[in-house]
Amino acid sequence: MSSTAWTDVDEYVAELLIGRDENLAEALQACEDAGLPPISVSATQGQFLNLLATMQGADKILEIGTLGGYSTIWLGRALPADGTLVTLEVDPTHAAVAESNIVAAGLGARVDIRVGNALETLPQLEAEGAGPFDLVFIDADKPSNPEYVSWAVRLARSGAVIVVDNVVRGGAVLDADSDDPTVRGVRAMHELIAAEPRLTATVLQTVGSKGYDGFALAVVDAKSA
Ligand code: SAM
């Protein structure tokens, strides 16, 4: 099956099961108008994240990698009225677009955008006593994925769900000799997850409008939670 068919099926599913959503459409348009790269999750993936957060009954969500806030809106909509989502973004331009999109989506009171390198804002969150989080979504710079997963485990409650996007990379994850820092980061992350006794995990390969990739899914302390 061709990548055109993957996109067509994504559109078919999105139209049938999700429908047009003005806030999300406007958020994507604002990202494009601001010149942000078109690397948000797809609508079907956003709905997947929303459903995971709903199934998890998440009150506290941590997101690493905001871009224009598209996935933030999907996740934030799963929160109860008193729920909170902290999202980490290094680029102030991305964060400004995200803030405007998140406020327009009615989630301004529930979402806290922290601007800075996540490897610096994560220790700040810990020092503040933020969390423990019920769900962590990792979708930032791939070379730092091992550190992000370690931080996610540290800041999560027992039973928390960790989701990491882009962990298959069109199959390049198989290349143990790759010089690509994103592939190396993703492979190191898979090895860290495999060696972390607190995590029970799998990888779900995905195809669609975003090409061939995958999500890592893990539960913290699944056997004792
Ligand atoms: N989750 C977003 C969505 O689906 O709408 C897409 C996120 S995009 C793939 C990755 C984002 O991570 C970019 O906005 C990028 O600026 C940000 N990023 C990259 N390195 C980062 C870092 N060290 N700390 C925080 N954010 C980072």
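The model is predicted. The shell around the ligand holds 22 residues, and the protein covers 90% of the 610 Å² of accessible area that the ligand has on its own. Elsewhere in the text, the pair described is helix H7 with helix H8.

**Residues around the ligand**

- Among the 22 residues around the ligand, Val41, Ser71, Glu89, His94 and Asp139 come nearest.
- By type, the shell consists of 10 nonpolar, seven polar and five charged residues.

- The side chain of serine 71 has an N or O atom 2.8 Å from a nitrogen atom of the ligand.
- Aspartate 139 likewise places a side-chain N or O atom 2.8 Å from a nitrogen atom of the ligand.
- At leucine 67 the backbone is involved: one of its N or O atoms lies 3.3 Å from an oxygen atom of the ligand.

**Cover and elements**

- Of the ligand's own accessible area of 610 Å², the protein covers 90%.
- Two or more residues of the shell come from each of helix H4 (70–76) and strand S2 (84–89).

**Packing of helices H7 and H8**

- Helix H7 spans residues 145–155 and helix H8 spans residues 181–195; their axes are 7 Å apart and meet at an angle of about 35°.
- On the H7 side, the contact is made by Asn145, Pro146, Val149 and Ser150.
- On the H8 side, Gly185, Val186, Ala188, Met189, Leu192 and Ile193 make the contact.
- The contact of H7 with H8 contains seven nonpolar and three polar residues, and no charged ones.

How values were computed
Residues numbered from 1 in each chain as written. Predicted model: local features only at pLDDT ≥ 70, side-chain atom pairs only at ≥ 80, totals over all residues. Heavy atoms only, no water. Near = heavy atom within 4 Å. Polar contact = N/O pair within 3.5 Å; in protein donor to acceptor, adjacent residues only side chain to side chain. Areas by Shrake-Rupley, 256 points an atom, 1.4 Å probe, with all protein chains shown as cover. Helix = DSSP H or I, 4+ residues; strand = E, 2+ residues; numbered from the N terminus. Nonpolar A, V, L, I, M, F, W, Y, C, P; charged D, E, K, R; others polar. Axes fitted to C-alpha atoms, helices over the stretch in contact; angles between N-to-C directions. Contact = heavy atoms within 4.5 Å.
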